[in-house]
Amino acid sequence: MKEKMLVVGEIKNNALRHVTFEAIAAVLATNTNAEIVGLLIGEIPSDTLAKEMIFYGADRVICVSDPKLSHYHSETYGDILLKIIQKINPTGIAFGHTTR
């Protein structure tokens with residue numbers, strides 16, 4: 001079975017932050033045989049962001065979209081992330097961290 005790497009995308013102002021692409025690139029550079037699964041959490045305006053992650057190297061993207069997720073809340077986002085991790089059982093997780 002192919003390994004899975006989860007890449008958590010970061011959204012700001014309805015766009016992916018560059019740190020998302022850096023996380024995908026890091027996974028591609030270190031684990032070329034793994035399936036890269038992108039994850040987007042928030043109020044996602046369309047499938048454009050998922051397509052963008054795929055363009056940069058994700059094999060597929062899971063979108064958890066709801067207007068209630070438009071503002072980051074660590075407990076809510078953490079609960080969603082945990083459920084996705086339990087569901088897909090990735091070998092590793094990559095995400096960036098920005099303060100703004």
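Helices (H or I, at least four residues) and strands (E, at least two) are taken here as DSSP runs, numbered from the N terminus. The structure is a predicted model, in which local features need pLDDT of at least 70 and side-chain atom pairs count only at pLDDT 80 or more, while totals for chains, interfaces and linings use all residues. Residues are numbered from 1 along each chain as its sequence is written, and side-chain values use heavy atoms, with hydrogens and water left out.

Two strands are said to pair if DSSP finds at least two bridges between them. Strand 1 pairs in the parallel sense with strand 4 (residues 35–42) over 5 bridges, and V7 has G38 of strand 4 as its bridge partner. Strand 1 also pairs with strand 6 (residues 92–95), again in the parallel sense, over 4 bridges; here L6 stands opposite I93.

Helix 2 comes next, covering residues 48–55, with L49, A50 and M53 as its buried residues. These residues lie on the same side of helix 2, because they cover an arc of only 100° around the axis; the arc is that of the directions from the helix axis to the C-beta atoms. The face turned away from this buried side carries the exposed residues K51 and F55. The buried residues of helix 2 pack against several elements, including strand 1, helix 1 (18–30) and strand 5 (60–65). Just after helix 2, G57 takes a positive phi of about 135°.

T20 is found in helix 1 and is buried, with a relative accessible area of 1%. Contact means heavy atoms within 4.5 Å; leaving aside neighbours within four places in sequence, T20 is in contact with V7, G9, E10 and M53. A23 also has its place in helix 1 and is buried, with a relative accessible area of 7%. Not counting residues up to four places away in sequence, A23 touches V7, A94 and F95. The C-alpha atoms of A23 and G96 are separated by 6.3 Å, although the two residues are 73 residues apart along the chain.

Charged side chains complete the picture. A salt bridge is a side-chain nitrogen of Lys or Arg within 4 Å of a carboxyl oxygen of Asp or Glu, and a search of the whole structure finds 3 of them. E35 forms one with R60, the closest N and O atoms being 2.7 Å apart. E35 lies in strand 4 and R60 in strand 5, so this pair ties together parts that are 25 residues apart in sequence. E35 counts as buried at 17% relative accessibility, whereas R60 counts as partly exposed at 33%. R17 forms a salt bridge with E10, with 3.6 Å between the closest N and O atoms; R17 is partly exposed, its relative accessible area being 23%. K51 forms a salt bridge with D47, and their closest N and O atoms are 3.4 Å apart. K51 is exposed at 53% relative accessibility, and D47 is partly exposed with a relative accessible area of 44%.

Notes
Buried < 20%, exposed > 50% of the residue type's maximum accessible area, 1.4 Å probe, protein only.
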